[in-house]
Amino acid sequence: MDQDQSAQVVVELEGCSARDADAVLTALAGAFGTDRAASDTPSETPGERPTVWSATFDTSDRRGRTSPVRIDAALDLTAQGGYHAVTDLQEALDEVYAVEVLGSASGDQEKEIQLRLTPA
């Protein structure tokens with residue numbers, strides 16, 4: 001991945017199935033470079049603790065349109081990174097899912113946004 005920190009976005013998914021987490025991460029990997037290997041498939045962990053899946057995407061490494069990978073249920077996603085990078089990632093998600101902004105916080109160099117994705 002590119003070393004331009006302002007183009008990197010950390011994505012976290014929680015409260016969803018491993019299948020839906022994989023769908024969203026795969027969709028984003030179709031659009032941007034990522035630290036996630038293609039063989040890295042989310043899996044459920046036994047127990048009562050919540051599972052959080054994460055990956056880092058490099059929005060300066062644009063690979064094409066976001067892959068339309070279906071999700072079964074609504075899920076929440078948090079994205080944190082440079083202002084333009086977070087906006088680029090949100091726009092990519094808008095291409096394949098219904099996206100609702102739940103909240104956001106801004107700092108000097110970074111932005112964090114909470115989104116709810118629902119099947120489009």
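This is a short walk through one protein chain, from its overall layout to a few individual residues.

Hi everyone, and thanks for coming. A word on the ground rules. The model is predicted, so local features need pLDDT of at least 70, side-chain atom pairs count only at pLDDT 80 or more, and totals for chains, interfaces and linings use all residues. Residues are numbered from 1 along each chain as its sequence is written, and side-chain values use heavy atoms, with hydrogens and water left out.

Let's begin with the layout. The protein chain has 2 helices and 6 strands, where helices (H or I, at least four residues) and strands (E, at least two) are DSSP runs numbered from the N terminus. Reading from the N terminus, the order of elements is β-α-β-β-β-α-β-β.

How much of the chain is buried? Of the 120 residues, 39% are buried, and for us buried means under 20% relative accessible area, exposed means over 50%, and partly exposed is in between (1.4 Å probe, protein chains only). The accessible surface of the protein chain is about 6500 Å², with 44% of that belonging to carbon and sulfur atoms; those areas come from the Shrake-Rupley method with a 1.4 Å probe, and for residues only the protein chains shown count as cover.

Contacts next, meaning heavy atoms within 4.5 Å.

Now the strands. Two strands pair if DSSP finds at least two bridges between them. Strand β1, residues 8-14, pairs with strand β3, residues 52-62, in the antiparallel sense over 7 bridges. As an example, Q8 sits opposite D58 in β3. β1 also pairs with strand β4, residues 75-82, again in the antiparallel sense, over 6 bridges. There, E12 has T78 in β4 as its bridge partner.

The buried residues in α1 include A18, D20, A21 and V24.

That brings me to charges. Side chains of opposite charge can pair when their charged atoms come close. Our rule for a salt bridge is a side-chain nitrogen of Lys or Arg within 4 Å of a carboxyl oxygen of Asp or Glu, and by this rule the count comes to 6 salt bridges.

One of them joins R19 and D20, with the closest N and O atoms 3.8 Å apart. D20 is buried at a relative accessible area of 3%, whereas R19, at 47%, counts as partly exposed. Another joins R70 and D72, with the closest N and O atoms 2.5 Å apart. R70 is exposed at 56% relative accessibility, and D72 is partly exposed at 43%. R19, D20, R70 and D72 are linked in a network of salt bridges.

R62 and E95 form a salt bridge too, their closest N and O atoms being 3.5 Å apart. R62 lies in strand β3 and E95 in the loop between α2 (83-94) and β5 (97-106), so this pair ties together parts that are 33 residues apart in sequence. R62 is partly exposed at 40%, and E95 is partly exposed at 33%.

And which charged side chain is nearest to K111 among those of opposite charge? K111, in strand β6 (residues 110-119), is buried yet has no salt bridge, and the nearest side chain of opposite charge, E91, is 9.3 Å away. Here Lys and Arg count as positive, Asp and Glu as negative, and His and the chain ends are not counted. Leaving out residues up to four places away in sequence, K111 touches several residues, among them A79, Y83, V86 and S106.

S106 itself lies in strand β5 and is exposed, at 54% relative accessibility. Beyond its neighbours within four places in sequence, S106 is in contact with Y83 and K111. S106 and Q80 are 26 residues apart in sequence and 9.6 Å apart in space, C-alpha to C-alpha.

Last stop, G33 in strand β2, residues 32-34. G33 is buried, with a relative accessible area of 0%. G33 and R63 are 30 residues apart in sequence, with their C-alpha atoms 7.1 Å apart in space.
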